[in-house]
Structures are given as structure tokens and as C-alpha cells.
Amino acid sequence: MSSAREQRPQLNRARRHFLGVAAATGARIAAMGTFAATTFFPSSTAHAQAAKPGNGPKPGKGPGNSPGQGPKCLLRGTSIMTPSGGARIEELRIGDLVETVRGEARAIKWIGRHLYRLSGSSWSDSVVPIRICQHALDEHTPHRDLYLSAGHALFIDGVLIRVQDLINGTSIAPAPPADEREIEYFHIALDTHEVILAEGAPVETLLLEAGTHEGFTNFAEFARLYPGPQPQMTPFAPFVGYGGRVHLKALLRLAAGRWIRVPTEEAYERIAARAEQLPG
């Protein structure tokens, strides 16, 4: 067993690294959570009205809806695993089956869409998709580059981690469109909150809560199909990330001189280390 003298330098290094990453990530999330009206606007006038302060869904209603992050989505063109193979997300329809990590196929309840058009010289950070490079997670995952909105979560090590907390600047990084004037996102809702395979990577489906659908351009379609109050979905797994309760507890325990396992940090370090081995 290591002596207290041997453990103290390790703990201090861990504490400095942990606090440094927390501060840097907190600043990044704050920047990504700011929707600059001068650089983009939703394609739907109705949604633009709903996005104004005081209207539409209130932020922070649950673990899957943090303030300022907007809808969690997958970029147009993303391949989703179905019982008959991969299908582009924009080609899927209500009632189609998608494979889940539980090993069973589930029918699509609804598909939310969110279309942004560039109205300035550059895209807002809050809209720019995050690219997860091919094989960034492991030697097989994802099958090809995967693009998610910043707040969309992946299922890693038994927990849900938003991609914005895994950005390392190389294998996982913001990827502003080169020439496109539009960015279109899609999100799949099932009867329950599940994890499906997008380009072979485990990602969350839509966590439906009161008013969640109002964050999408086609929110009126959902209201027409499913009028009345919607049941509160239970998250497929715990959400963890910088700024959450798990992180706060970790900081408090670090201050008291005790180290605890932080899933977000472990996943980040593993993926960042793997990035150094990827070609190009």
C-alpha cells in the first residue's frame, strides 16, 4: 500500500488537472450555449417566436435539457441502424423500426427536425455540429464521421455523456460547414428514452418531457399527433458532465482530499489519448 507521502503528489496532480479541465470546459459550454440571433435564425417563423424569452419550453426541465443547449440532434445524412441495415435519418418515417442497444427493434414515435439558415458571415457556435471522427471512440466506432449537436449525448461506460464534454480539438471537434448555408438536424423519439446506433455509435433518442417537442421546427406536428399531456420519460441512464451534480460532488470531495471516479473525465482522457493514434 502506498504511503501518505506517495499519495499526496498524485492527489495534487489529479486535483489540478481536474479543476483545470472543469474550468476550461465550463467556459466552452457557456460559449456554446449562447444562441446569437445575428448569426442564424430557425427556418420556421413560429419556432422563431417560440424561441423568444418567455415563450416556448423552459430550460432545465430535466437532465436531458440543460439551459441554453437547445434541441439535441443528429445531422442530416447520419446513418441509423435498422433491422434491415443502415438508413439515413432524414429517410426514416414514423412507425419505422430502429435497433436499440437493448438488442430489440423499436418503432419510431416521432422525428423532430430543426433547420438553421445562415444569416451572417459565420455560424453561431451553438449551431455548429460536433464531428466525432471515424474510429474516435474505439477501433470500430463510429464507422464513419458522426456529426451531432453539442448537447446530444452518447452512451459510454454505462452513462450518458454529451458530446460537448468530449471535445478534444482533434478526433472530436466543432466542424463548421464549409459552403452550406443551411444546417438541418433530426432527432428520433421512441415510446421510451433509448440508445440507438448512429454510424455504429451509441447515441440517445429524444428524451420527451413536458414541452420538449416545442424546441423543434415541426413542433406543431407532434402536438397534432399526440395532443394532451405527455408522460414524463425516464432517462435510459444517468447523465453526467461538467457542471452537473456528479461533477460538483467530485470537486467537493477533491477539496476534502479524496479522489472519486468521474466517468466524464475518464472517457475524455481515453478518447483524447486514442486521438493521438489516429491517422491524419
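In this predicted model, Ile 80 stands opposite Ala 87, a residue of strand S4. Strand S3 covers residues 79-82, and S4 covers residues 85-88. The two strands pair in the antiparallel sense, over four bridges.

Which residues of S3 lie on its covered face, and which on its uncovered face? Ile 80 and Thr 82 are on the covered face, while Ser 79 and Met 81 are on the uncovered one. In a regular strand, side chains alternate between the two faces of the sheet.

Leaving out residues up to four places away in sequence, Ile 80 touches a list of residues that includes Leu 74, Gly 85, Gly 86 and Ala 87. Ile 89, Leu 92 and Val 98 are also among the residues that Ile 80 touches. Further along the sequence, Ile 80 touches Ile 188, Ile 196, Leu 197 and Ala 198.

**Nonpolar cores**

The largest nonpolar core of the chain has 34 residues. Ile 80, Ile 132 and Leu 154 have the most contacts inside this core. The elements that give two or more residues to the core include strands S8 (130-132), S9 (146-148), S10 (153-156) and S11 (159-162). Strands S13 (182-189), S14 (195-198) and S15 (201-204) are also on that list, together with helix H5 (263-275). Apart from this core lies another one, of 23 residues, among them Cys 73, Val 195, Phe 216 and Met 233. In soluble globular proteins, nonpolar side chains tend to be buried together.

**Cysteines and Ser 149**

How many disulfides does the model contain? The count comes to zero. Cys 73 is buried, with a relative accessible area of 2%, and Cys 133 is buried as well, at 17%.

Ser 149 sits in the loop between S9 and S10. The side chain of Ser 149 reaches the backbone nitrogen of Cys 73 at 2.7 Å. Ser 149 is buried, because its relative accessible area of 6% is under the 20% limit for that class.

The table collects the accessibility of several residues discussed in this report.

| Residue | Relative accessible area | Class |
|---|---|---|
| Cys 73 | 2% | buried |
| Ser 149 | 6% | buried |
| Cys 133 | 17% | buried |
| Phe 155 | 24% | partly exposed |
| Arg 270 | 41% | partly exposed |

S10 and S11 pair in the antiparallel sense over four bridges. The bridge partner of Ala 153 is Arg 162 in S11. Two residues lie between the strands of this hairpin, and Asp 157 in the turn has a positive phi of about 55 degrees.

Phe 155 belongs to strand S10. Phe 155 counts as partly exposed, because its 24% relative accessibility falls between the 20% and 50% limits. Not counting residues up to four places away in sequence, Phe 155 touches Leu 160, Val 195, Pro 202, Phe 236 and Ala 237. Phe 155 and Phe 239 are 84 residues apart in sequence, and their C-alpha atoms are 9.2 Å apart in space.

Helix H5 has 13 residues and, at 1.5 Å a residue, should span 18 Å. The C-alpha atoms at its ends are 18 Å apart, which agrees. The buried residues of H5 are Pro 263, Thr 264, Glu 265, Ala 267, Ile 271, Ala 272, Arg 274 and Ala 275.

Arg 270 is also found in H5, and is partly exposed at 41%. Leaving out residues up to four places away in sequence, Arg 270 touches Ile 156 and Asp 157.

**Arg 181 and the whole chain**

Arg 181 is placed in the loop between strand S12 (172-174) and S13. Not counting residues up to four places away in sequence, Arg 181 touches Tyr 116, Arg 117, Leu 118, Gly 120 and Trp 123. Arg 181 and Ser 119 are 62 residues apart along the chain, and their C-alpha atoms are separated by 8.3 Å.

The chain as a whole has five helices and 16 strands. Of its 280 residues, 47% count as buried. Among contacts with a separation of 6 or more, 70% come from residues 24 or more positions apart.

Methods
Residues are numbered from 1 along each chain as its sequence is written. This is a predicted model: local features need pLDDT of at least 70, side-chain atom pairs count only at pLDDT 80 or more; totals for chains, interfaces and linings use all residues. Side-chain values use heavy atoms; hydrogens and water are left out. A disulfide is a pair of cysteine sulfur atoms within 2.5 Å. Buried means under 20% relative accessible area, exposed over 50%, partly exposed in between (1.4 Å probe, protein chains only). A nonpolar core is a set of buried Ala, Val, Leu, Ile, Met, Phe, Trp, Tyr and Cys residues joined through side-chain atoms within 4.5 Å. Contact means heavy atoms within 4.5 Å. Two strands pair if DSSP finds at least two bridges between them. A polar contact is a pair of N or O atoms within 3.5 Å; within protein, one must be able to donate a hydrogen and the other to accept it, and residues adjacent in sequence count only if both atoms are side-chain atoms. The expected span of a helix is 1.5 Å times one less than its number of residues.
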